[in-house]
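Subject: Structure handover

Hello,

Here is the structure I promised to pass on. Please open it next to this email and follow along.

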Amino acid sequence: MKKMIGSPGTMSGLILRLGQCATAAASIGVMVSAPGFSSYTAFCFLVASMGLQMIWSFGLACLDVYAIRRRSDLQSPILLSLFAVGDWVTALLSLAAACSSGGVTVLFTKDTLFCKQASLSCNWFQISVGLAYFNWGLAAISSHAMFWILI
């Protein structure tokens, strides 16, 4: 199998997974700290999607730590297929959640000026959506690496 940046069982893969886990946790933390987020489905979807991304990334980061410590190879085709499908699913969910939340945030802040009328923390919404987009970028890198390793 090929050795690429972000391969499972490597230090770069571990750093990539920890970055995904950290940005997902930060996005959840910022969104949950904003009052009124739970009244809007898109923001709840963002929290749920980032929660799934955080669990998936943390699990794979633990697997990377185990492989690095044991100096074992995680490059079997079955494992790589599982990692690739999981990465694709979580990356698509992260993108969908970031886009829907971003659309609602733009609607609230720019189009309707709803944030000025209601007592919403739209700045917190914007930060959380930005972190979700950054998380999607890391997930896209990871899923892209998995795809090229499989081929």
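Is tyrosine 40 buried, partly exposed or exposed? Tyrosine 40 is partly exposed, because its relative accessible area is 22% and buried would need under 20%. Keep that residue in mind. We come back to it below.

**The model as a whole**

First, a caution: this is a predicted model. The protein chain has an average pLDDT of 90. At least 70 is reached by 99% of the residues. Among the elements, H1 has the highest mean pLDDT, 95. Helix H4 (residues 114-117) has the lowest, 77.

Now the layout. The chain has five helices and zero strands. Along the sequence the pattern is α-α-α-α-α. The C-alpha atoms fill a box of roughly 55 × 25 × 20 Å along the principal axes. There are 151 residues, and 43% of them count as buried.

**Aromatic pairs**

The count of aromatic pairs is seven. One of them joins tyrosine 40 and phenylalanine 108. Tyrosine 40 sits in the loop between helix H1 (11-33) and helix H2 (41-70). Phenylalanine 108 sits in helix H3 (residues 77-111).

Phenylalanine 43 lies in helix H2 and phenylalanine 108 in helix H3, so the pair ties together parts 65 residues apart in sequence. Phenylalanine 43 is buried, like phenylalanine 108.

Step back and look at the group. Tyr40, Phe43, Phe108, Phe114 and Phe125 form one aromatic cluster.

**A neighbour in sequence**

Threonine 109 is also worth a look. It is found in helix H3. Threonine 109 counts as buried, because its relative accessibility is 18%. A polar atom of its side chain lies 2.9 Å from the backbone oxygen of threonine 105.

**The cavity**

How many cavities of 30 Å³ or more are there? The count is one. The largest cavity has a volume of about 40 Å³. Its lining includes Gly6, Pro8, Arg17 and Met146. Leu60, Leu63, Asp64, Leu74 and Phe83 line the cavity too. H2 gives the largest share of the lining, three residues. By type, the lining has six nonpolar residues, one polar and two charged.

Which way does phi point at arginine 71, positive or negative? Phi is positive there, about 55°, although arginine 71 is not a glycine. Most residues other than glycine have a negative phi. Arginine 71 is in the loop between H2 and H3. Arginine 71 counts as exposed, because its relative accessible area is 76% and the cut-off is over 50%.

**Where to start**

Then find arginine 71 in its loop.

Best wishes

Definitions and conventions: Residues are numbered from 1 along each chain as its sequence is written. This is a predicted model: local features need pLDDT of at least 70, side-chain atom pairs count only at pLDDT 80 or more; totals for chains, interfaces and linings use all residues. Side-chain values use heavy atoms; hydrogens and water are left out. Rings of Phe, Tyr and Trp (its six-membered ring) pair if their centres lie within 6.5 Å; planes under 30 degrees apart count as stacked, over 60 as edge-to-face and the rest as tilted. Helices (H or I, at least four residues) and strands (E, at least two) are DSSP runs, numbered from the N terminus. Buried means under 20% relative accessible area, exposed over 50%, partly exposed in between (1.4 Å probe, protein chains only). On a 1 Å grid over the protein atoms alone, a cavity is a set of points where a 1.4 Å probe fits but cannot get out, and a pocket is an open set with protein on both sides within 12 Å along at least five of seven lines; lining residues have an atom within 4 Å of a point. Grid points are joined across faces, edges and corners, and a volume is the space filled by probe spheres set on the points. Ala, Val, Leu, Ile, Met, Phe, Trp, Tyr, Cys and Pro count as nonpolar, Asp, Glu, Lys and Arg as charged, and the others, Gly among them, as polar. pLDDT is the predictor's confidence in each residue, from 0 to 100. A polar contact is a pair of N or O atoms within 3.5 Å; within protein, one must be able to donate a hydrogen and the other to accept it, and residues adjacent in sequence count only if both atoms are side-chain atoms.
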